[in-house]
Structures are given as structure tokens and as C-alpha cells.
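Me: I've got a model open and want to go through a few spots in it. Can you help me read it?

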Amino acid sequence: MDKDIELLKSKLEYERLARIQAEKFLEEKSLELYQSNQKLEELNLDLENLIQEKKQKLEAAENEYKISDLKLALLELEKSERRYRELTEFLPELICEIDNAGKLIYVNQFALDKFGYTNEEVWNGSFNFLDIFDPADQPQIVANVKNLLQNGGQLSNEYNAVKKNGEHFPVIVYSAPIYKQDTIAGIRGVMVDITDRKNDELEIARNLRQQEILSNISQNYNSTLDFEEKTSEALRIIGEHTKVSRVYIFKDSDDGLLTSNTYEWCNTGIERQIAKLQDIPYSLIPSWKPILLGKGIIYSENISELPQDLRDMLEPQGIKSIIVLPLFLDGRFFGFIGIDECTKNREWSKSEIELLRTISNILSNAFLRNIINIELINSVNENKGIIDSIPDQIIRISDSGKILSSFKPKEKGLFGKFIFGENDRIDNLLNEELSVSFMSAIKECLADGTFKFDFTFLNWENLEYYEARLVKLKENEVLVIIRDVTDSKEKEKELQFAKVKAEEASRSKSEFLANISHEIRTPMNAILGFSEWLFENVADSQHKSYLHTILTSGRNLLALINDILDLSKIESGKMNIELEPMQCNVVIQEISQVLQQKIEAKNLAFNIYIDPSVPEYIYMDEIRFYQILFNIVGNAIKFTPKGYINVSVYATKTISNNLINLIINVEDTGIGIKEDQQEKIFTAFTQQSGQSNRYYEGTGLGLAIVCGLLKKLNGEIKIKSKVGKGSTFTITIKDVKVAEITEKTITANESKYNLILEPCTILIVDDVDFNIQVLKRIIGFENVTYLEAKSGEHALEILHSENPDIIFMDIRMPGINGYDVTEIIKNNENHKKIPVIAFTASTMSDEKDRIENIFDSFLQKPVFKKDVMNVLKRFLPYKYKMPEKIESDEVHKAISPECLANLPDVIQTLENEFLTEWDSIKNDLIIFDIEDFNSRLLEYASNNSCGFLDTYCRELNQGLLTFDIELIEKKLSEFPGLISKLKSL
């Protein structure tokens, strides 16, 4: 507000200085006119003297000279008069002369041009000089002329002059007598057009009035009136000053989609519109905001010039002309102020527009102050309520120990003896030891600004515990907040005891989980490892089916173990989050592919929508993100017997440019969840009440793990559900960092090649023989030399004579464990550069930290081929080799005579039917579609004795059964080449 007042003062001072300069200019002009008039009078006097002198000479010449000399003198006289007239003709003032009878005897050309008359019109004998003045001024002019003719002197008067075309303009007339031989023979007038001066005066007056209006509005908002009255009064002041039909303020809804007439002033006879104009959608007037915000104003002297949507809104209100300006609240558009003219098409002056613009700024600031005041009042009331509700005792104490005010005493106990004005000193209220402590604390607080101390008070037989916090208020005054913490002290003791017991239980649980994890994962490593190797190497389809079941069951068991361990980590706070660049859409597509068979088995529609607002890469723990989404989508499939599942992902902006809020909706048409069960489903080992656990398999851990992981990721999950209609789970992960990364092109091409290690030596250290064999089978390269050690000591003996390229080290072994063996290796100058990979069944975070500090990397049992290959690629030289293509002669050998005889038909069928289907499935990688394609191709190969196709289909089927995406992509990419080889035969 002070800024507005200073601005107003500055404008008033500017107008005052401008008015002084204008008056000074007019004074100078008047002086110049006066001096010009004086010169004219001097010239006239000189002329008269000259004429008198000439006459006297002529009279004398009648006696002395001949008549020819008299003519010569008259010619000289005429010459002098002509010089005088020529001089006045070029003066930039309106000059005229009248004789004693009021008849015009002279007018200069400047005056004729100004008034629009010709010489003939003026000198034809019918012209009256009064005709150039307004009739209202003529009586005064006649009186002034008579006065000058009778009394002489000089006069200056302001009149309204009238041109021949009827146009009026203000003038100031300087009048003086014309003397001939000391006798008044007429009157000479010098007339000056003062239109510019009058306009300046009017503009100054207008500006002063507008400054007065701005001052009144500003002062109005500083008054004790409530905000509603202040704003209504401001609109009245504007309306009465501008004499318009209507002034109003519209405010937008919180979402900015609607606007409402909130304040309105109407002139006499103008219909009010405020009741009709509530919650108007901006969609009805789409041109309004773009014009208002783009140009900063909606201005029209005739609304027929505005767009049609605006005319449709304004014409029913009887509006002919309009001005509208935007209102901003702390930089945010929140409404607008407008002026309507309903009686005529009005031309708005620049000053009116600027006035409204200034008022819009004042109103914006007023609205902001009002919101701040409301928030301040609410805050004060809230703080008062908080202070009144808290059990603390609040005291203001001087440095002498006197209690000053704001005291909330107890009836008994610590300040039970307090009486304000009598017993109000600390040393009188408390015992000596406690009062000394208080005075010392006050001294410390005054020195440092704050202080805190604890003390006890014996209240009869009960020992009470207190906490005192001191804050410096003045140089000799502090505020003391005293809290009774007796109950919390007792609870603290109980909690301390419970904490010790809980830590012991947690330690026992962690040790148990570590041991059981190791004991389970070790045999699981053999089960899954050998099963995976057998699956890749057996040919019998029934055996493959059995092995596929073993692998699936083993992985399900492993997933259950992981869920239990994850829940334990979350509950103990030992779950670590590792943020790395991740493609959100890739993870969701992977989940879709993994669950595709279940989706197809239920004939469900599964839709994924990734909004363009989602960045390509974000920083996220990909494993945990996958785990969260896999659980939610898996549950949706499990509990949806028919209908659809929709997964939609979008992002919203935050205050930071490189942070977003990631929002994922998983909507299904499943069985739904009762409202009273919606909180329980997030509890571990819990499913919806009344739900068949036999029909809907599961441990009930999934959503509990999801909640724990989301807390780690700064996220939350909400649910909306209706029984029999379905459920929608909404996951919100806040402040996700956007990653600026370009995909590695090698990744997109790797699947087209076979990975081959360069010749190398690998040392495997494990006390369990089948773990060694599993790892060897997984690696499976012929050009690799394997070294095996059953203990740490054995491994060190081997290293005396061998120098392997990489070491896989078990952690828990009899004798020297894997940690100690690795430290010995890393401290040896000859071996410290050899990569050592931890090959462990441990899952505990404390062991993981130690592993990361000692080892170069680690693999967790049971291990899968993909993970082993990633480690080998990281530390050993390798290359990619194009898969062996079926050469023409090999294809020829694989074709039976029967197939060869029908080769043109085979090629045509492959191109027209199978190649078209291949083109539609090659990029989507929908397992169900690929299986269908493979099945029909295999049937065609069998019916037409095409052995080469049979081999191709069986290799593709192997990838489908093991869900080996790389193998599936590889085999699919070979299909067009296979047809090309057939054509070349």
C-alpha cells in the first residue's frame, strides 16, 4: 500500500509541475502579445505624428509651395501607412480595428484565414464584427467597446469566437483605443486562440480528478470497512466518475474453467446482471481469454466488431461499448474488471483506459492483501486454538525473575502458589535449587538466544519430570515453555525395554532369514540351474514339458522366498533403493509379455496407455518398480474373471523443471473389494474377507510389499472399488527425477547376434559340487578352461600356479570363507586385478554392503543364464557372431523330394499367408500370437514334409517355452531369410 501511495504522490507532483509550466507558458505568451500590442500602438502613434507633421507641412506648403509638392507629401503618407499594414499582415495574431461607430475598418489576413472569411465578404458593408463572437458574449463585448471609447485604457477578456462554419474556439482579446490628435478615433483588438491552453487546463483538471479517485479508492481499502463494502464502494467511485452504465468484477473458479460476476455497480436505469452471470464456462466464450491475456485488454467502441462468441454473450446484456482488463493474483490470472456502456457507442479516452488499468492493479493488490489477511486471521485463530489446547505452561519472565504475563498455571504443583502482582517471582515460587537453575537458564538464554533444560519437581510424594524451553524476546525478557513430561518419561522407560526386546527379536529373525535363505537358495540353485540346462539340451517334447513345469514351480517358490525376504527388509528398514535411468514403457511392456498367457487364458482385454507427458527416461529402481507394478497388474488379472484391464501412465509437473510426479492407474472389471476391506488388503498375509484362498491363490504379501516399496520411493497407493464392478489402483510416485539419456544403439542390435567369449580361464570356488557344475553348464562355451576349487584353501593353491581371467567365489565355505579368500587375492600384486565375483545365496543387506566393498560384482543363487552372461560381458573379452544362416545346399538337403516337387506352392503359401502374419507379430512380441503362428507353421511343415521348417519351428518353440525373448526375436528375424533361400534353389 505504501508503494501505491508513493506512486500517487509522484503522479500528483508531476501534474503540479506540469500545471506550473503551462501557466508560465501562458504568462509568457500573454506578455509577448501585450508587447506586440504596445509596438502596434507605438507604430500607430508614430504614424499619427507623421500624418500630423505632414499635414502641418502641407498647410505651410500651401503658402510657400505649389500644389505639386502637396501631392508628393500625400504619396509619402500613403507609403508610410502601407508599411504599417504590411507589418501587421505578417503578425501571427488576429488583429482588427473598428471606428467610433463600431464599424470594422481593418482586419489582417491571418484573422481572415482563421475565421474563414474573404475580403469581399468583410468589406461589402454588411459585415458586423460582433458576428465573430458567440451571441452569449456579445453584450459584454458591446459594453467593453463603449467603455474603451469613453474612458480609454486597456482591457483583456476571454470570449468564445465563432468561425464562419459555426465552429467555436476560445480566445483572449487585448483591446486598446486608437488615438487621432489626442482623440479616441476607434479601437484596435489583438485576438489570440487559446484552445491549446484550455485543453491543457482540462487535461490537468481531469488528471487531478483521476488522482483524487485513485487516492479515494486506495484510502477506501485502508479503512475499517470489510472487503466486500470496500470493493463495492470502489466500483461506485469508478462508475460515477466515468458516467458509464455498469462496472463489475468477475472472479474465476479454482480450476480456472468457470468465471462468475462477483461485484457489480449499475447506473440509474441499467439492469443488474450479477444474478444471471454465475459459473459461466470459458468454453462458451473461447475468444475471451486469448484476447484478454494476449492483448492485455478487451476494448471496443462498437461490440459488433468483436468475435461472434463474445457478441452472443454481450448483446443480451444490452452492451454497446466495453473495456475489460485482467486481474492478477501474485502473477496468476484470477478474473477481470470491466466497464459497459449500454446507451451509446462510446469512444473511450486514453485517460479513462489508463485510469482503469491503474485501478485494476490496485484491485489485484487489494485482493492479494485480503487473502493474506484472511490467512493471517485463520492462522492466528488456529495458533490460539493450538496454544489453548496444549498442556504446556507458558510464562514471560524478566531477567530479574519476575513473571510478567501469559501464564497458564496449574491449580496445584509447580506454580500452585502463583498470584499475579503479589507472589510472582521465581525465587518465591520454587525451592532454592530450582530457582537458581531457572535464573541461570534465563542468563544463558539472554546470551545465546535460546536455551533448554530438564528438571524434576517433588509434588507431595510424586516426582514429576519437566522440560523447559527458553527463547529470548528482549534484552531483559524471555519466554519460557514448560512441559510436564512425567508420563512420557515412564513410557520412555517402557519403550526402551520394548526396544531392547524388539532388537533381540529382529536380530534373531534376521539371522534365521539369512540362514534359511542360504539353505533354500543353495539347493534351488542346483534345481533351477540343471533344469535350465536340461531344458536347453533335451529334444523330447514331453521331457521339455516336465522341465518347464519344474522351472516354473521353482521360480514361483523363489518368488515366494523373495517376497518374504523383501517384507522382512522393508519392516526392518534395510531395504535399499538404487535409482538408475529406466524406461517406464519398456518395463510395463515386459510385464505385459510375462503375464500375456494368463491374460489370454481368461480372454481379457489388456490395454496400455503411456501419456506423452511421461519422459522417456526417469531415475527409478527398476527392480522395485517392476515388483510394484507386477503385483498390482497380477492381482488385477487374478481377480478379473472377464472384461478388461487398463494400465495408464502419465506425469504431472512439479515446481522443479527436472522433477515430475509419476501417476499409474490400474483399472479392472474384476470382483471388486468391499469398502470395509479396502484397508485390510494392504496388511501382510491378508486377503479380502470371504474370499476363497483356494480359488484365488497367493500368500497375501503382494500389496504389503507394494506399500513398503512405495514408501521407500516417496510414493503412495490409493484404491477405488465397487463390489461386482471392479477396482482402480492409483500409484503416485512424487518428485521423480527426469534422466536425459540416449539409448545405446548396441542394445537394439545385440539380439540379432550370438555372444561368444574369447578363449579364457574361469576359476569356480564352491564347497558344493553341483553348484560348480550348474555354473559350468550355464556358461557352456567350448573355448573356456574351467578350474574348480572345493574350498578357499584349495583356491589359493591353484592361484600359485594358475592365473585365471575371472573367479566365481562362494561366500560361506568351511575353513577360509569367501570374504577372507578374496581379501588375500586382492592384496596379492599378481592377482589383485583378477575380477572376483561373489556367488552367494545370501540376501541380507549387511552382507550385500560387505560384498560390494570387497568383490567386483556378485551373483545371487539361484542364478540364471542371462545374469551370468551380463557379468561375463562386463569383465571378459567377447564378440558377437551372426547366427548361422541356412545355406542353400543345407536347405536343399533338408527338403524332401515331395516338398521339392511342390516348392513353388510352398513358397507361395509362405509368402502370402505366413509372411503376412509374421509381419504383424514380429514387433509386438505377444507370446500367444507367436505360439499360434509357430503351431500353424509346424502343422504345415508336417503336412508337406518340409523338414527344414520343422527344425525352425522347434527352435522357435524352445524360446517360447523358456520365455527367452532374445531367442524368440532371433528366430523371428530369420524367417524372411529362410524364404529367400528357398527362392534361390
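Me: Where does Asp279 lie?
Reply: Asp279 lies in the loop between strand S7 (258-266) and strand S8 (280-281). Strands (E, at least two residues) and helices (H or I, at least four) are DSSP runs, numbered from the N terminus. This is a predicted model, where local features need pLDDT of at least 70, side-chain atom pairs count only at pLDDT 80 or more, and totals for chains, interfaces and linings use all residues. Residues are numbered from 1 along each chain as its sequence is written, and side-chain values use heavy atoms, with hydrogens and water left out.

Me: What is the phi of Asp279?
Reply: Asp279 has a positive phi of about 55°, although it is not a glycine. Most residues other than glycine have a negative phi.

Me: And what about phi of Asn603?
Reply: Phi of Asn603 is near 55°, also a positive value in a residue other than glycine. Asn603 is in the loop between helix H16 (596-601) and strand S18 (605-610).

Me: Is Asn603 buried or exposed?
Reply: Asn603 counts as exposed, because its relative accessibility is 65%. Buried means under 20% relative accessible area, exposed over 50%, and partly exposed in between (1.4 Å probe, protein chains only).

Me: New topic. Which residues of helix H24 are buried?
Reply: In H24 (residues 865-875) they are Val868, Met869, Val871 and Leu872. They cover an arc of only 160° around the axis, so they sit on the same side of H24. The arc is that of the directions from the helix axis to the C-beta atoms.

Me: What does the face of H24 turned away from its buried side carry?
Reply: That face carries the exposed residues Lys866 and Arg874.

Me: Next, how do H21 and H22 pack?
Reply: H21 (residues 792-801) and H22 (residues 818-826) pack at an angle of about 20°, with their axes 9 Å apart. Axes are lines fitted to C-alpha atoms, for helices over the stretch in contact, and angles run from 0 to 180 degrees between N-to-C directions. H21 and H22 are therefore roughly parallel to each other (angle under 35 degrees).

Me: Which residues make the contact?
Reply: Gly792, Leu796 and Leu799 come from H21, and Val821, Ile824 and Ile825 from H22. Contact means heavy atoms within 4.5 Å.

Me: Last one. Is Glu467 buried or exposed?
Reply: Glu467 counts as buried, because its relative accessibility is 18%. Glu467 lies in strand S15 (residues 462-474). Not counting residues up to four places away in sequence, Glu467 touches Lys452, Phe453, Asp454, Ile481, Ile482, Arg483 and Val485.

Methods: Parallel < 35°, antiparallel > 145°, perpendicular 65-115°, else oblique.
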